[in-house]
Amino acid sequence: MKKAIHYINQFFGQIGGEDKADFEPVIHEGTVGPSLLLDQSMKEVSVTHTVICGDNFMASHPEEAVSRILSMLEGLEFDMFIAGPAFLAGRYGTACGTICKAVQEKFNVPVFSSMNVENPGVEMFKGHLYIFEGGRRATYMKQDIEKLASFADKIAKGEKILPASIEGYFPRGIRHEVFLEDLGLEPKMAADRAVDMLVKKLTGQEFITELPIPKQDRVDIAPAVADLRKVKIALVTSGGIVPRENPDHIQSCSATKWGEYDVSKLDRLPAPEYKTIHAGYDPEQADKNPNVVVPLDAIRAYQKEGRIGEVDDYFYTTVGTGTTQGEAARMGKEIAEKLKERGVSAVILTST
Amino acid sequence: MKLEIGKFFVKDIVFGDETAYNNGILTINKEEALQVVMEDSHMTEADLHIVRPGDEVRLVPVKDAFEMRCKVSGSEGVYPGCTSPVAPVGFGRTHALAGCSLLVVGKHWGSFQDGLIDMSGPAQRNTIYGLMPNLVLVGDTDEEFERREQQKKNKALRWAGMRLSEYVGRCVKDMTPESIETWDLEPVNRRTSEVQQLPSVVYVAQPQTQMEAMGYNTLVYGWDGNHMLPTFMHPNEILDGAVVSGSFMPVSSKISTYEWVNNPTVKRLMKEHGKTINFLGVIMSNLNVVMEEKIRSANMVARMALNLGADGAIVAEEGYGNPDVDYIQTIVELENVGIKTVGLSNECTGRDGASQPLVALDEKATALVSSGNVSQIHELPPMKTVLGELESLARDGLSGGWEGCVREDGSIIMENNAMFCADHISGFSVKTCADF
């Protein structure tokens, strides 16, 4: 029998509702609440421990919560870590994703969860773990638990994991080739698949592309600024330049945070007071001279020459590597709000 | 234009006194066959072997595959412009030894476009040649100028393969075929109104033609495809030897000469003609390096399809990476003029599967068939016999091999990139790619 540890929030852990959402993490031997159902639904795996943590506690102290839970797991023997199902509960979904990712990184065991497609945890974590598509609310508990249980049994038996569409998890951004016969499908030649697809497309029938093209969220390039002397310009970057101590704890990859830093007294960004925390490029040049990423020195020179009007007091920064399109769009909107408040009408956006 | 392909279904190949076909058995007179191979003074040595599905045999470096066939009527040679004078094909009668192939293998030296075939074991099914009996020519040449080049024209071996396939094919020239496939397609403006009411479709072939130097690219009637603009062809020309595979593309993306004449997408479109579609014919395009050339070809394909009255198109790209731009651009241009289009090619998602599958993407490419992933890793056990030289996979710059990928015990680790024609972009592929 393989061993699983199950993570649930304060509500399903029978501690209480919203008023108990600050509940600090605990670990119980055996099952609590839905982990009993999970335990009973698995044939090859049993739940040995249940971790319970309040959603708010995880949301407001993620590092603290994660490190406490990881130390609780230290020394325990387990073959997999299962979190949720979290349904449509956003903080719960994010908590499941956060803890699963951390457990996988530390203990290198399979981790998986279940969430509704609209749970923000899906977009944030589907690239990191198997998240099964679940119902909107707890009335789907049985169905969602059963999906997790059968996947757990599959892992326990060492069976091959099939594509997302067959297993029912959200695609993780990974594509591999497969023989149709290995998926239990008719081994239809590509020639026949292409002609059948074309006939369907020509006759207005539904067809399924084998390579879905992600929807592009293109932004038209803005018209050129007519007179640079009449505008306020801001510097924005996804190149991860921050004050040395990275006061806002912007992540080095898969960022969800951005920062704004006052440079009104500076003519250039000095090193090592400023540096990059971006994990996606060689930092040597940027650490030596942060102005190669955030060109404060150049824009000040233009300002002195009278070629541009005003420079914003702040520069705005985040990290672009591994950052999801969803997170990037959210941060972009937030930064744009700030820029508008400060009367900025043109931006130099540097990427790396 | 009407073409008959008379088929002789080969169950097994053996060596014997006379090159002849009898009741499913193809017999090869080895000495006579090797004389045909050695007609070219650039061939320095050659030997013939027979491999069958289930044999513990690994072939590498495989240069090309041919169907053994001959022309009976209509014109003279099987490969016009290459091993016979330029002449039209696609009509009259051709006889073919079906269900088997001739594989051409370098005795020592491999190149970027060469590949590997296993006749048994886990990778047997990865290439159609693992599933049929094959006559195998293993040879070496005096082409010193390219001996240590990663890119090789492989001319002597490829031409030897064409001569040999025609020599063997001629043994059934005067026999009565076991079955006859008839491919008949009337001129586009001479079709019945019933046929013309069906949606009209073109097949757009993008053979690999990106080498600026001559001698490496796909040949159309012997003409280097790099010097071609998109042109209109009858499907029968494709099925009758007008196209000969080149010597350039990483091999899982290659369309072998065998696969050009057996192209299952063209055949299926011919079968659908008059039933669900009006098959207008083939637009033979190309693949280019320079952006302007890519755009020119894509525009010309779309214009040609539009003015032929096409409602739909299938675009097949022989390659991946840089030519994905030509592939997507052509699909987009066709969609831009209102032609509903399906693409057929492979992907390159990287060893972790996380890379963008095509170099270029566009939302207008709504219908894509995926025939494999060049980056898939194969770890394969040793085989008792190797035809060719196993070390070539690691030493000679084969696209899916690298230094150290061949182990002392003969086991290998490689990328699908070097599996011979494994993504079968001609349409034979029974693989797809899926999200994990």
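The C-alpha centres of the two domains of chain A, domain 1 and domain 2, sit 37 Å apart. This is a predicted model, and in it domain 1 of chain A covers 2-167 while domain 2 of chain A takes in 228-350.

Between those two stretches of chain A comes much of what matters for the contact with chain B. On the chain A side, 34 residues are in contact with 45 residues of chain B. Three elements of chain A each give two or more residues to this side: helix H7 (164-167), strand E7 (175-179) and helix H8 (190-202). H8(A) gives the most, with 11 residues. Sorted by class, the side of chain A that touches chain B comes out at 20 nonpolar, 5 polar and 9 charged residues.

Strand pairing also crosses from one chain to the other. E7(A) pairs with strand E25 of chain B (residues 431-435), in the antiparallel sense and over 5 bridges. To pick out one spot along this pairing, A:Val178 stands opposite B:Thr432 in E25(B).

Turning to chain B itself, strand E1(B) (residues 2-9) has two strand partners to look at. With strand E12 of chain B (residues 179-184), E1(B) pairs in the antiparallel sense over 6 bridges, and B:Lys7 stands opposite B:Ser179 in E12(B). With strand E8 of chain B (residues 92-98), E1(B) runs parallel, and 7 bridges join the two. Here B:Ile5 has B:Thr94 in E8(B) as its bridge partner.

Helix H1 (residues 30-37) of chain B packs on helix H2 (residues 155-169) of chain B at an angle of about 140 degrees, and the axes are 8 Å apart. Because of that angle, H1(B) counts as oblique to H2(B); the cut-off for roughly antiparallel is over 145 degrees. The crossing of H1(B) and H2(B) is right-handed. From H1(B), the residues that take part are B:Ala33, B:Val36 and B:Val37, and they meet B:Ala160, B:Arg163, B:Leu164, B:Tyr167 and B:Val168 in H2(B). By class, this contact has 7 nonpolar residues, no polar ones and 1 charged residue.

Definitions and conventions: Residues numbered from 1 in each chain as written. Chains lettered and ligands numbered in written order. Predicted model: local features only at pLDDT ≥ 70, side-chain atom pairs only at ≥ 80, totals over all residues. Domains from an automatic or database assignment. Pairing = 2+ DSSP bridges. Helix = DSSP H or I, 4+ residues; strand = E, 2+ residues; numbered from the N terminus. Axes fitted to C-alpha atoms, helices over the stretch in contact; angles between N-to-C directions. Parallel < 35°, antiparallel > 145°, perpendicular 65-115°, else oblique. Left-handed = near helix turned anticlockwise from the far one by under 90°. Contact = placed C-beta atoms within 7 Å. Nonpolar A, V, L, I, M, F, W, Y, C, P; charged D, E, K, R; others polar.
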